[in-house]
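Begin with one pair of partners, then widen the view.

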Amino acid sequence: MSAPDALATVTTWQTAPTCGGDATTLERLASRVRERPDLADVAPFWLAIYEVLVAAREELASSRPRLVWEVRRARAANGQPQLDFADLRVTAGPLEELVRRLEGAWRRFDPDRRPVQADWPARLRSVFADATLSFGQRRDLAFADALALLALVPYLEWAAAAVVPALQEHPPEWDCGWCPVCGGYPDLAVLSGDPPQRSLICSRCSSAWPFRRVGCPFCRDAEQQAYCEGEDSAYRLYLCGACRGYLKTVDARRLAPVDPRVERLVTIGMDLAALEAGYGPQQTGGA
Ligand SMILES: [Zn+2]
Ligand SMILES: [Zn+2]
């Protein structure tokens, strides 16, 4: 592929095949983790969190009418994500119950965390509105924000299940490094197809969107990109010398279909390597 092609704006909405978000994620996580003794310390924590998230997403899907989505073209044309917070139809009671379950799962592994009181709908609204209040975007995240972010996931995934097929059917022009569904930043990229195309994966709703093959999604620099191959050649770590951002990349031609929730956990060693080398979020956490 020539450089101009690689830099060209993507105009079709072909994305890497992804899966998961349901009980298959839990099975996939458990089986991948068995092959990876190096993850024995962190895996039980994430399995416990995902059990809560998967159950919450299933509850949302079964208790609500199906969301019907028509692509909001004017928003896409302005670089705005499709979803507004109101589209998530968050109500206080079920949200508080979800946060309580997440907090319980978290504190089983981290008992020194003090329970937090918060206006959870307001907290959810603020993490939705500020994509930098995110894992991977802050060096330290307040516990309440971490819980709110996790609680946001089932609502976003419920909505994304309607929005993503609408985007595929009526693709907008979208050349942004943030998620067209919810506005979150990517924490994974996936290469798929022949010639290979790159999709970015949202760190919040796990939706995939097509993105130019070359260049940093955070600052768009295409000159100061470096990459390291992982021990397994299905993985690469891209480092940006311009903004110090990094992006983990999965080659779906070797590993398909890709469950982003599983891949972001099994590549946790790349996050640690990037952070150690001085890449990653520059912001410190809030209260
Ligand atoms: Zn998203
Ligand atoms: Zn960059």
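Which residue in S6 is the bridge partner of leucine 239? The partner is tyrosine 246. This model is predicted: local features need pLDDT of at least 70, side-chain atom pairs count only at pLDDT 80 or more, and totals for chains, interfaces and linings use all residues. Residues are numbered from 1 along each chain as its sequence is written, while chains are lettered from A and ligands numbered from 1 in the order in which they are written.

S5 and S6 pair antiparallel over five bridges. Strands pair if DSSP finds at least two bridges between them. Strands (E, at least two residues) and helices (H or I, at least four) are DSSP runs, numbered from the N terminus. S5 and S6 form a hairpin, with five residues between them. In its turn, arginine 244 has a positive phi of about 65 degrees.

On to S1. S1 and S6 run parallel, joined by four bridges. Here valine 190 stands opposite valine 250. S1 (residues 186–192) also joins S2 (residues 197–202), antiparallel, through six bridges. Proline 186 faces cysteine 202 there.

Now the whole sheet. It is open, with six strands in the order S3-S2-S1-S6-S5-S4 and mixed pairing. S3 (208–211) and S4 (225–229) are the edge strands, each pairing on one side only.

What about burial? Six of the six residues of S6 are buried, so S6 is largely enclosed by the rest of the structure. Buried means that 20 or more other C-beta atoms, placed from the backbone, lie within 10 Å of the residue's own. Tyr246, Lys248 and Val250 cover one side of S6, and Leu247, Thr249 and Asp251 the other.

How values were computed:
Buried ≥ 20, exposed ≤ 12 C-beta atoms within 10 Å, placed from the backbone.
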